[in-house]
Amino acid sequence: MPASLVDGNSLLAVDVGAVTTRAAYFDVVEGQYRFIGMGQSPTTNHASGMRNLVLGVQLAVENLQNLLGKPFMDEEGRLLIPSQPDGSGVDGMVVTLSAGTPIKTLLVGLLPDVSLHSVEKLANTTYTRIVDSLSLNDPRRLDEQVNTIIRQSPELILIAGGVDGGATHSINNIIETIGLAAYLMPDGQRPAMLYAGNRALAGAIHNTLGKIASELVICPNVRPTLEVEALGPAQRELAKLTINIRQRQMSEIDELRILSGGVILPTPYAQGRIVRFLSVDGENKHILSVDIGASAVSLAAAFGEDLHLNVFPQFGVGEALTGLLKYTTIDDIARWLPIETPLETVRDYLYQKSLYPHYLPATREELLIEQALARQNILLATQTMVSRLPGRYRRTLGLLPSFELILASGSVITNAPALGQKLLMLLDALQPAGITTLALDQNNLLPMLGAAAEVNNLLPIQVIESGALAYLATVISPISNSSYGTPIVRAKLIREDGTTMTSEVNMGNLQILPLESGQTARLELRPLRNADVGLGPGRAGAVDVIGSSLGVVIDARGRPLKLPSNTTDRVKLLKKWLKTVGG
Amino acid sequence: MFAPLIHILPLATIMRTRLMPVEGKIIIGIGQKVNPTDVVAEAIVGRKHLVIDIAQKLNVAQRDVPKFLRVKKGQQIAKNDVLAETPGLFGKEVPAPAAGTVVATGGGKIVIETGGAVFELRAGIPGIVAQTIGGRGVVIRATGGVVQGVWGNGKLDFGTMHSLMETPDEIFDPGRIDVSLRGTILLGGHLESPKVLQNAVEMSVRGLIVPSINPALLQSALQAPFPILVLEGFGRRPMNPSAYKLLSTNVKRDVSLNAEMPTRSNPSSRQEASVRPEVFIPLPVSQEPPEPRQVETFAPGQVVRVMFLSKPGRQGTILNLRPMATLPNGIQANAAEVRLENGEQILSPLTNLEVVG
């Protein structure tokens with residue numbers, strides 16, 4: 001039951017990432033919840049050689065203590081929960097977790113285009129690596145299927161199939177195969193299973209698989225009818241199951257679970273929760289959040305209640321980097337570099353970074369390579385997400401749907417030394433079209449707030465309202481078929497003090513209309529040659545905009561963005577754009 | 001901030017866990033002395049399962065199958081043994097398609113587990129068995145020198161180490177691998193050419209220790225029949241001075257080369273003590289040296305390895321710590337001022353340093 005503000009409970013939110021563990025403190029100041037401070041530590045997981053996540057959490061909390069001058073732990077390093085009369089300690093704790101390698105997952109459904117498709121979408125909402133799938137159309141013999149499952153040794157099996165009230169025979173046969181394979185696996189290696197198929201089979205599934213699976217969760221059907229897909233309830237159960245699987249891999253998670261009173265969620269799930277909440281709270285405003293971390297790129301697109309969460313472990317900028325070249329090429333990464341760098345240098349950086357995911361770029365060249373890598377990975381993740389969205393949200397040319405707000409996080413972006421670098425990374429990778437506001441989750445608070453909402457529904461709203469997100473810029477990105485250099489939009493910025501600025505923007509250009517931070521203005525947009533500035537092809541209109549140190553940005557470089565193939569020309573152009581935004 | 005440690009030690013006592021992929025039988029007892037090639041445990045791996053649909057073959061209902069079965073769960077069977085039969089003049093028989101063990105019956109079917117190969121877990125290093133881990137493996141205690149690396153191709157072997165290196169930053173010359181090096185573990189320069197791997201295979205070398213490897217050779221390296229240990233990483237990098245000195249002063253000694261990478265997704269891998277691939281040089285001692293430190297915090301005076309792409313293979317000493325310093329590229333980070341061995345002074349983020357010790 002969510003607490004009310006009357007309780008005034010302070011909260012410690014801990015995010016255990018693949019590379020960094022963060023501990024954030026929230027408390028009531030002048031009647032409102034505020035983000036007070038954050039401590040961090042390297043994550044003490046297997047990759048760091050430490051093999052106990054709790055140590056990293058203690059170190060992050062210790063740093064927070066030192067920063068705030070407020071003790072959270074006793075002398076033996078134990079968290080003081082609830083807070084003590086002397087002001088030490090904290091009233092509650094929530095945890096989000098992204099550390100750990102992708103979970104080997106087997107998908108099971110009846111029809112590839114129906115239940116198997118839905119269960120794949122479900123798998124994509126958390127850190128999974130799909131090792132195989134089974135469906136009615138599987139041509140393999142029974143013993144081939146069984147031997148393959150045993151050899152692949154999945155940690156998780158996601159099962160769907162059949163509409164509610166439909167036939168049960170076919171899915172029963174597949175369940176028997178799964179059950180037999182799991183039965184033949186060694187005791188400690190049996191997978192966890194989640195069933196989200198025809199509900200008439202729930203009892204039989206419980207009897208068949210309950211004693212064989214390391215854990216069995218039965219949840220509502222992801223395809224209750226052929227026309228309806230309902231991932232929400234299964235997604236929540238999968239989030240819980242993900243943490244349970246992690247706990248089997250890292251037993252110390254139990255300690256965090258006890259401290260947090262059970263509120264421990266996978267980071268992208270928590271992120272998705274808060275993005276959906278903000279979308280609904282903003283009268284169904286379309287919101288996208290993008291997080292690039294060592295473990296994955298996560299994209300959460302919320303269209304009111306309709307959340308589309310996609311986690312891409314293959315595009316994380318950590319250990320997964322050695323596998324990145326299955327999806328892209330070194331040339332495609334290097335094309336984002338505003339300097340001429342040998343391809344071998346880019347390749348070596350990518351491989352070396354896979355060995356040291358916590359590595360920080362030490363030179364400008366390394367910084368630019370890292371940012372190029374981030375662009376390419378977010379771009380690949382975005383293209384995949386767009387292809388998975390329902391037709392009602394898709395646009396022509398595979399462009400990103402219209403989002404009023406885009407929230408970005410991840411240390412590659414937030415650590416960039418110049419605001420212009422942050423902005424350009426996002427514009428190049430996401431390529432938004434129309435009118436969009438970009439904001440940074442500078443402290444990676446969003447997933448923490450998503451987890452906090454489990455215990456306190458006022459805290460996230462008040463913390464966000466208090467300015468926890470950093471406004472980056474409003475960007476107008478027209479879509480036009482005009483040729484390079486042709487004027488495609490006239491913009492008039494009318495400031496509060498009555499001063500105006502008029503500008504005509506040519507196709508291919510990136511232009512800044514200066515508007516200082518905190519100032520508001522009216523921006524009149526008149527598209528030329530049937531360009532679409534986000535109001536419909538050729539339609540003019542006006543929007544209210546807020547200033548930032550980057551001003552108001554008109555990105556007329558084209559959608560999708562096309563870069564010159566000639567390296568010299570491309571580098572020159574990228575340099576020019578970077579200079580325009582002050583990067 | 002806690003500091004990652006890279007062990008480059010002339011003499012230490014180490015504990016190394018050796019695990020099998022599946023449960024099996026431990027052959028050696030606690031306290032026993034082992035050589036690297038000794039088998040300490042064994043298990044059967046790669047078994048296959050045959051599912052035989054008895055109901056279909058006998059043309060009877062599933063529920064009737066139990067009364068026709070001639071074998072029980074757990075029973076060993078030979079090829080063509082009768083699994084089930086129906087009585088009568090025109091009765092049918094279902095022969096076993098292969099030898100194996102009946103592991104499941106039910107639903108009108110029989111499952112036979114068949115095939116598989118014996119997996120022998122070798123000690124890998126000479127030492128004393130200090131502990132057994134269920135039916136999965138053992139912990140071995142040993143003394144000697146140790147040099148840890150950053151990447152390995154997953155294999156393990158033991159042999160005499162020969163050096164083909166004159167300087168820490170040279171490229172491995174494939175022409176230097178000749179027949180006199182058969183059965184040895186080679187210390188060589190940056191692995192750039194596939195010819196090095198081809199020649200090493202032809203000359204049956206037992207392992208390679210190199211500072212770095214061309215990423216384009218990774219697939220070939222993974223397929224090589226011998227262990228390959230990479231000390232610094234990918235792309236041309238010189239060997240760090242500490243490792244070079246320790247290894248080049250121990251040539252002609254027997255060494256254990258463990259190029260296994262920890263499998264991080266496997267829960268059981270958490271029991272593996274060796275987080276990094278390494279070369280171990282067994283040395284006799286009259287008194288056991290201490291075990292290496294596992295936890296360290298950054299402090300002035302520490303010898304560190306610098307992992308800059310632009311300054312590969314460099315080592316230096318921390319002069320002082322600089323909380324939230326601005327790096328030359330503008331990034332703000334906890335950093336340290338480090339004096340490199342050539343006297344150059346640099347500002348490095350702490351994340352890019354490893355304490356050597």
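A residue is called buried here if 20 or more other C-beta atoms lie within 10 Å of its own, exposed if 12 or fewer, and partly exposed in between, with C-beta atoms placed from the backbone. The legends below describe a predicted model, in which local features need pLDDT of at least 70, side-chain atom pairs count only at pLDDT 80 or more, and totals for chains, interfaces and linings use all residues. Residues are numbered from 1 along each chain as its sequence is written, while chains are lettered from A and ligands numbered from 1 in the order in which they are written.

**View 1. Strand 16 of chain A and its two partners.** Six of the eight residues of strand 16 (residues 470–477) of chain A are buried, so the rest of the structure largely encloses it. Helices (H or I, at least four residues) and strands (E, at least two) are DSSP runs, numbered from the N terminus, and two strands pair if DSSP finds at least two bridges between them. Strand 15 (residues 434–440) of chain A runs antiparallel to strand 16, joined by seven bridges, and here Ala439(A) sits opposite Tyr471(A). Strand 22 (residues 552–556) of chain A runs parallel to strand 16, with three bridges; Ile476(A) has Ile554(A) as its bridge partner there.

**View 2. Where chain A meets chain B.** Take two residues as in contact if their C-beta atoms, placed from the backbone, lie within 7 Å; then 39 residues of chain A touch 38 residues of chain B. On the chain A side, two or more residues come from each of helix 3 (142–152), helix 4 (169–184), helix 6 (232–249), helix 10 (343–355) and helix 11 (364–388). Helix 10 of chain A gives the largest share, seven residues.

**View 3. Helix 3 of chain A, under cover.** Leu142(A), Gln145(A), Val146(A), Asn147(A) and Ile149(A) are the residues to look for, as they are buried in helix 3 of chain A. Their cover includes strand 5 (103–108), strand 6 (128–134) and helix 4 of chain A, plus strand 6 (39–53) of chain B.

**View 4. Helix 4 of chain B and its buried side.** In helix 4 (residues 241–248) of chain B, the buried residues are Ala243(B), Tyr244(B) and Leu247(B). They span an arc of only 100° around the axis (counted from the directions from the helix axis to the C-beta atoms), which puts them on the same side of the helix. These residues pack against strands of chain B, including strand 3 (8–19) and strand 13 (137–148).

View 5. Most residues other than glycine have a negative phi, and most peptide bonds are trans. Ile81(A) and Pro82(A) are joined by a cis peptide bond, with omega about 0°, and Pro82(A) lies in the loop between helix 1 (53–68) and strand 4 (92–97) of chain A. Another cis bond runs from Arg559(A) to Pro560(A), with omega near -10°. Asn530(A) isn't a glycine, yet has a positive phi of about 65°; Asn530(A) is partly exposed, with 14 other C-beta atoms within 10 Å. Over in strand 23 (residues 314–326) of chain B, Met324(B) also has a positive phi, about 40°, and counts as exposed with 8 C-beta neighbours inside 10 Å.
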